[in-house]
Amino acid sequence: MIKERIDIENIDEQLFEIKSVDPENSKPASFTHYLHNHKNGVSQFYKKDALSYVKEILEKAYPTEKVTNKVAEEALRYLILDLNKFVPFPAPENPKFKFIDLFAGIGGFRLALQNLDGKCVFTSEWDKYSKQTYKTNFGDIPFGDITKPETKKYIPDNFDVLCAGFPCQAFSIAGRRGGFEDTRGTLFFDVAEIIKNKQPKAIFLENVKGLRNHDKGKTLATILNVLREDLNYYVPEPQILNAKDFGVPQNRERIFIVGFRKDLGIDDFQYPESTKKDAILEDILEENEVSVKYYLSTTYVQTLKNHRARHESKGNGFGYEIIPNNGTANAVVCGGMGRERNLVLDDRLTNFNPVTKISGKVNREGIRKMTPREWARLQGFPDNFKIIVSDTQAYKQFGNSVAVPAIQATAEKIIEKLNCK
């Protein structure tokens, strides 16, 4: 019998492989979502594709054998038992609520809500490298492009909270009322469409601070109008929260939008107060000497100094910045001067031989970039969060992520309100 010869570890590796996965193929995501939801009734949304995917892998591994649905189901049962053995952040054993994770990135929302005993029943993210990081840490392969109907069809019913850190786009609302249809063609439209169809009890949206004034305030006004009037949610005035007020030494302001379905009778909400934890940069710095690859070359240091001098001569304050150990980092962001605005002084380097191609020698002033792990800590990710991608991708992923402590503090307030109903 084939079931007696299945090498589960070998099959495991193939089933969870993500590098070769076709981004349009939802079967791998259905497979992991089935494993994660086999106890809570949500698995019905994923079982058909999960079985089909397992059969495909088994047929490739055992081409001379007949793979039946029964064999595939037995393999699934083995894999369910195996799921949480090597997952750093498994779902809670006895979850108190369900949520979905849209524009998931590497799982900042998921980490925060799992810490509050929430169960993620659907997640989507289009970036291949972010999917790899997400899968490694949560044992779940996200579905792909949420703008596509074939992805939306996998979203289950009856979840409690919709989470989305959606990208900001302007709406074409000239001469119109700025309602649901006016958001068509933007990523917010897809979020609104899911809210309309699934009617979650609560919504939790996060965006850049600039959303408040984007397109002269029209973008935010349209979002609030859609949520309040078209979708019938109680939405208190959005609030800008700063990560540094929630225990991480990073000056990162983001706008949070919270809403509750009006039939729940919730008509007040207080965003979380500052935790007043005086975190400083030194709290997140590496304890041991870091690789020479993070130290700037003499040529690059001089380039940065010249660049800042040019801006200062014009009366601008733009340029590189070295953060003192007792200070607060600037927001970690992708591109531009993201890393150069968060340089540190570290004189512990003992080996000045470059390990990458640089112009000039390694600087002797001790000026270096932060490491990806330090960026992870600035965003509130614990040290057992696995970084399995290149430094370039890691900087991008943490720069695009949410600050976990601020998300968790707000989510806790949301769940408190839902538990009262």
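Helix 12 (residues 391-400) puts four residues into the lining of the largest pocket, the most of any contributor; helices here are DSSP runs of H or I with at least four residues, strands are E runs of at least two, and both are numbered from the N terminus. The model is a predicted one, so local features need pLDDT of at least 70 and side-chain atom pairs pLDDT 80 or more, while totals for chains, interfaces and linings take in all residues. Residue numbers start from 1 along each chain as its sequence is written, and side-chain values use heavy atoms, with hydrogens and water left out.

The largest pocket holds about 770 Å³ of space. Of its 36 lining residues, Phe 103, Glu 125, Gly 165, Pro 167 and Asn 400 sit closest to the centre. Besides helix 12, the elements giving two or more residues are strand 1 (97-102), helix 5 (108-114) and strand 4 (202-208). A pocket is an open set of points on a 1 Å grid over the protein atoms alone, where a 1.4 Å probe fits, with protein on both sides within 12 Å along at least five of seven lines; lining residues have an atom within 4 Å of a point. The volume is the space filled by probe spheres set on the points, which are joined across faces, edges and corners.

Strand 3 (residues 161-164) is covered on both faces, with Val 161 and Cys 163 buried on one side and Leu 162 and Ala 164 on the other (buried: under 20% relative accessible area, 1.4 Å probe, protein chains only). Strand 3 pairs in the parallel sense with strand 1 over four bridges, and Phe 99 stands opposite Val 161; pairing requires at least two DSSP bridges.

Technical notes:
Buried means under 20% relative accessible area, exposed over 50%, partly exposed in between (1.4 Å probe, protein chains only).
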